Amino acid sequence: MVSVAIVGGSGYTGGELIRLLSSHPEVEIVDITSRQYDGTPVHKLHPHIRGTDLVFKNKKPSELDADVIFAATPHGASMKIVPELLETGAKVIDLSGDYRFNDIDVYEKWYGIKHTSDIKGVFGLPELHREEIKKATLIANPGCFVTGAILSGIPLSKAKIAERMIFDSKTGVSGAGVNPTTSTHYPNIGDNVNPYKPTSHRHMPEIQQELGAFSDVKISFTPHLVPVIRGILTTNHCFLIDGKEDITSEEILDLYKKQYEGEPFIQILEDGEIPRLSSVRGSNYAQIGCFEIDETGRLVVISAIDNLVKGASGQAIHNMNIMCGFDEKAGLDFFGMHP
């Protein structure tokens, strides 16, 4: 049994951490912090979490006493508190983008923030970095778009058969966070599809960093906001290098089955089946499928995840399970909510 604290528990990712950790067989939640909602019962902000005595508390990082601390804080805020959290002796899992980049200059360019910490984290995608995660004290939980995109591209990059991957992602509104904005206002979203930052989204270099570690593949990424609450559906348009045009869909499928053999949360779909958001909604599973090649040499691979679970809080708990030596599926062993 480990004690767990959540810093910044009032948002959607904080709520998902509370929901999932509350039924984790190896976890006791000892603190959930919020300056704004100090003393407020958790169910007042997360109405689905009832029957507990959990209350938000306004505590400084140095006042926390837990084995594992989740930092569900915004970009820029995490780098200010993570060093203090580590000084408490806890293992820390940060859900912001502050520690995801190997090159701080890349972070500062894409986030427009001066990085003030020299601490290095482990990129927390278990399917790529499991061995490093086991030994880590700081995990940089990947972005939600990034998770769906990278998982759809790892086998192709490792096989060095892709010249370029163009990721077209459709995301639910919860990915924008709990605070409403003009762009997330229902009349602007309903019956609409809204591309945004079509060539300059800050998740693109994160995808490039991880997939580019295996080959010289070039990455492009465009997100679209669609009128659903949860989920990210990513279409990977992969252009094969010269000399690989004769590869078959069956051979591609075999690459994916071998890459993800034994992975507890990856579902590879066969027979041309297309992933769907409803199949992974509320779960920590990622579905990957399609694997079709057209006559121009374009390979299409599609992935589906829940942006708040596999794309955020569920993946963070998966990382905790690995760090603490628990069963990797502990607290996450359930299917999605279809329909």
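Predicted model: local features only at pLDDT ≥ 70, side-chain atom pairs only at ≥ 80, totals over all residues.

Reader: Fine. In what order do the strands of the open sheet run?

Author: The order is E9-E10-E8-E11-E14-E13-E12, so counted by that pairing rule there are 7 strands in an open sheet, with mixed pairing.

Reader: And which are the edge strands?

Author: Strand E9 (194-195) and strand E12 (266-268), each of which pairs on one side only.

Reader: How many bridges join E8 to E11?

Author: There are 9 bridges between strand E8 (residues 162-171) and strand E11 (residues 232-240), and the two run antiparallel.

Reader: At what angle do H5 and H8 pack?

Author: At about 105°, with 9 Å between the axes of H8 and helix H5 (residues 144-158). That makes H5 roughly perpendicular to H8.

Reader: Which residues make that contact?

Author: From H5 you have Leu-151, Ser-152, Gly-153, Ile-154, Pro-155, Leu-156 and Lys-158, and from H8 there are Ile-252, Leu-255, Tyr-256 and Gln-259.

Reader: Switching to rings. How many aromatic pairs are there in the whole structure?

Author: The search finds 9 aromatic pairs. Take Phe-101 and Tyr-111: they are edge-to-face, with 6.0 Å centre to centre and 75° between the planes. Phe-101 is in the loop between strand E5 (91-94) and helix H3 (104-111) while Tyr-111 is in helix H3, so this pair ties together parts 10 residues apart in sequence.

Reader: Are Phe-101 and Tyr-111 buried or exposed?

Author: Both Phe-101 and Tyr-111 are buried. There's also the pair of Tyr-256 and Phe-291: ring centres 4.8 Å apart and planes at 50°, so that one is tilted. Tyr-256 sits in helix H8 (residues 249-259) and Phe-291 in strand E13 (residues 286-293), so the pair ties together parts that are 35 residues apart in sequence. Tyr-256 and Phe-291 are both buried.

Reader: Which residues do ring pairs link into a cluster?

Author: Phe-101, Tyr-107 and Tyr-111.

Reader: OK, new topic. Why is H1 largely enclosed by the rest of the structure?

Author: Because 7 of the 10 residues of helix H1 (residues 12-21) are buried. They are Gly-14, Gly-15, Glu-16, Leu-17, Ile-18, Leu-20 and Leu-21. The buried residues of H1 pack against strand E1 (2-7), strand E2 (27-33), strand E4 (68-71) and helix H10 (309-324).

Reader: And Ser-78, where is that found?

Author: In helix H2 (residues 78-87). Ser-78 has 0% relative accessibility, so it counts as buried. Its side chain makes a polar contact of 2.6 Å with the side chain of Asp-94. Beyond its sequence neighbours up to four places away, Ser-78 touches several residues, including Ala-71, Thr-73, Ser-96 and Tyr-99.

Reader: Last one: what about Ile-119, where is it found?

Author: Ile-119 is in the loop between H3 and strand E6 (122-123). With a relative accessible area of 25%, Ile-119 is partly exposed. Leaving aside neighbours within four places in sequence, Ile-119 is in contact with Pro-83, Leu-86, Tyr-99 and Leu-138. Ile-119 and Met-79 are 40 residues apart in sequence, with 8.9 Å between them, C-alpha to C-alpha.

Note on methods:
Residues numbered from 1 in each chain as written. Heavy atoms only, no water. Phe/Tyr/Trp six-rings, centres within 6.5 Å; stacked < 30°, edge-to-face > 60°. Helix = DSSP H or I, 4+ residues; strand = E, 2+ residues; numbered from the N terminus. Buried < 20%, exposed > 50% of the residue type's maximum accessible area, 1.4 Å probe, protein only. Contact = heavy atoms within 4.5 Å. Polar contact = N/O pair within 3.5 Å; in protein donor to acceptor, adjacent residues only side chain to side chain. Axes fitted to C-alpha atoms, helices over the stretch in contact; angles between N-to-C directions. Parallel < 35°, antiparallel > 145°, perpendicular 65-115°, else oblique.
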